[in-house]
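Hi,

Here is the structure I said I would pass on. Have a look at it first, and then read my notes below.

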Amino acid sequence: MSQQWMKFLILMGVLMKTEGLYVGITKLRSAVARGAVCLDGSPPAYHLHRGHGTGINNWLVHIEGGGWCNNVTTCLERKYTHLGSSWKMDKQLAFSGILGNNPMFNPDFYNWNRVKIRYCDGASFTGNMEAVDTITKLHFRGARIWHAVIEDLLLKGMRKAKNAILSGCSAGGLTSILHCDSFRALLPIGTKVKCLSDAGYFINVKDVSGASHVASYFNQIVKLHGSARSLPASCTRNLRPDLCFFPQYMAKKIRTPLFILNAAYDSWQMKNILAPAAADPRGVWSDCKIDIKNCSTNQLTVMQDFRSEFLTALSKLGKSPSRGLFINSCYAHCQTETQETWFSHDSPSLHKTRIAKAVGDWFYDRRRLQMIDCAYPCDTSCHNRIFEPQEPHHHHHHHKGGGGRRWGNMLLQKLLIVLCLFGYVTTCY
C-alpha cells in the first residue's frame, strides 16, 4: 500500500508541475527594415514552444486577439499597450488550452510545435499603409507582419510541416479566416492545412437602435489601415473591401478547410455589436451584458433574434463537408485558450463532445463535425461569462474573476485523472 501512496504522490507532483507552461518571447528585429512593425514601429513578436516525438513536424499557429482600432485616437491608445507595441509585451506568456503541452489536457496537439503570434497592428493583420504620419508616428503594417512572421516560422522548421493549423481567438479568429488561404499557399503543397476560428465570426447586423454600427466600424478600420489590398481577392473582386472584413461574405470563397467555433450569443458581439454603448445611452442593456441571467424577457427575445441572424449568416457559406462547426448556445467569447473551456471534466460540450475532441476529430478526419446547439437556456455545459460592472466594453477580453473556480476545477480534474490511473474511478476519458 505504501508503494501505491508513493506512486500517487509522485504522480500528483508531476501533475502540479505541469500547471503552468510559460513560453519566452521572440522579437523579429530583422522585420523592422522591411517595415513589418507594430503600431509604434517596434518589431513584431511571437512565442514558440517546440514540438517533439510524433508532433515534431506538426505546427499550430495561433493568433492573439484584442479588438481593433478604427481611428487615430483609438490607435494612439493602443500604441502604448501590448496591443500596439512589442516593448509593452510580457517576456513570458502562459500557454494553456489548445497551446498546452500536457497530453491529458490537450490530447491532439500537446506535442506539436505551438506558436502564439502577438497582435500589435490593430487590424487583424491586414494593414498595409506605406506612409507614416509624421505627428502620430502610427504604422499600419499588419499585412507585412503576417508575412514576416510566417516566413520566419518557415525558416524555423515549418517548411517541413506534415500537418498545420492556423487558429486564433476573437480578432485573431477573424485573422485565421482572412489569412487562411494565404497560410495554405505559403506552406508546402504536401502539408495537410486547416484553419480554426474561435469567436471570430463577427456578423453584420443592426444594433438595438436600428443603426448599422458594426458595418461603419469595420469600414473605418479598413479605410484607416489601407486593408483593401490585403483582404482575400476572391472577395474584393465582387464586393466592397469593408464587407470583405465580415466572414459571412468573405469565407464562402475560402478553399482551405475551416472550423468555426463560436458561441451563438457571443458575449463580445452582444456588448459591442448588438448593444454597444452608443446604441443604448440610458444603459438599459448594462445589467444584461454583465450577466445573461439578468436579461429581461424582451432582451432575451432580441438575443434569440441575434442567434437566428447568426445562424443565417453562417448558412450563407453554403454546405461543405470539409467545414467544421461547433456553435454552442453560451454567453461566452473565446473557448480554445483556457483549459476550463477547451478540455476539462466539465467543459462545454455538444452531443457529449468537448471542444478539444471536436477540433481533433475534424482535423484528423475521424468524423464529420458540424454541430449547432439548441437555443438558450437549453445547454447546461456552458461556462457563461460574468463581467465586472466597470469593465470597459470596447476592448477584449481577458477573463476577469473565475480564477478561484478555475484553480479548483484544475485540482479536481487532476484528482480525477489520478484516481482514473489507479483504477479507483472507472468512467475515464
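**Disulfides and rings**

The torsion about the S-S bond of Cys330 and Cys382 is about -80°, so this disulfide is left-handed. Before I go further: this is a predicted model, so please read everything here as computed from predicted atoms.

Back to that bridge. The sulfur atoms of Cys330 and Cys382 sit 2.1 Å apart, and both Cys330 and Cys382 are buried. Cys330 belongs to the loop between β9 and α12, while Cys382 belongs to the loop between β12 and α14, so the pair ties together parts that are 52 residues apart in sequence.

How many disulfides does a search of the whole structure find? The count is eight, and I looked at two others besides the one above.

One of them joins Cys169 to Cys334, with an S to S distance of 2.0 Å. It has 80° about the S-S bond, and the link of Cys169 and Cys334 is right-handed. This pair also links distant parts of the chain: Cys169 is in strand β6 (residues 163–169) and Cys334 is in the loop between β9 and α12, 165 residues apart. Are its two ends buried or exposed? Cys169 has 0% relative accessibility, so it counts as buried. Cys334 counts as buried too, at 7%.

The other joins Cys374 to Cys378, again with S to S at 2.0 Å. Its torsion about the S-S bond is about 100°, so the Cys374 and Cys378 disulfide is right-handed. Here the ends are partly exposed: Cys374 has a relative accessible area of 43%, and Cys378 comes in at 33%.

Now the rings. The structure holds 21 aromatic pairs. Take Phe202 and Trp268: their ring centres are 5.4 Å apart and their planes are at 80°, so the pair is edge-to-face. Phe202 lies in the loop between β7 (192–198) and α6 (213–225), and Trp268 lies in helix α9 (residues 267–274), so the two tie together parts that are 66 residues apart in sequence. Phe202 and Trp268 are both buried.

Ring pairs link Phe202 and Trp268 into a cluster with Trp68, Tyr217, Phe218, Phe245, Phe246 and Tyr249.

Tyr331 is in the loop between β9 (324–328) and α12 (339–342), and Phe387 is in the loop between β12 (370–372) and α14 (403–421), which puts the partners 56 residues apart. Both Tyr331 and Phe387 are buried.

If you look at charges over rings, go to Phe363. Lys192 lies over the face of Phe363, at 5.4 Å from the ring centre. Lys194 lies over the face of Phe363 too, at 5.7 Å from the ring centre.

**Helix α9**

Trp268 brings me to the helix it sits in. How many of the eight residues of α9 are buried? Eight of the eight are, so to speak a mostly covered helix. The buried residues of α9 are Ser267, Trp268, Gln269, Met270, Lys271, Asn272, Ile273 and Leu274. What covers them includes α6, β8 (258–263), α10 (286–290) and α11 (297–315).

**The whole chain**

The protein chain has 14 helices and twelve strands. Of its 429 residues, 57% are buried. Among contacts in the protein chain with a separation of 6 or more, 76% are between residues 24 or more positions apart. The chain exposes about 18100 Å², and carbon and sulfur atoms supply 57% of that.

Cheers

Note on methods:
Residues numbered from 1 in each chain as written. Predicted model: local features only at pLDDT ≥ 70, side-chain atom pairs only at ≥ 80, totals over all residues. Heavy atoms only, no water. Phe/Tyr/Trp six-rings, centres within 6.5 Å; stacked < 30°, edge-to-face > 60°. Helix = DSSP H or I, 4+ residues; strand = E, 2+ residues; numbered from the N terminus. Buried < 20%, exposed > 50% of the residue type's maximum accessible area, 1.4 Å probe, protein only. Lys NZ or Arg CZ within 6 Å of the ring centre and 35° of its normal. Disulfide = S-S within 2.5 Å. Contact = heavy atoms within 4.5 Å. Areas by Shrake-Rupley, 256 points an atom, 1.4 Å probe, with all protein chains shown as cover.
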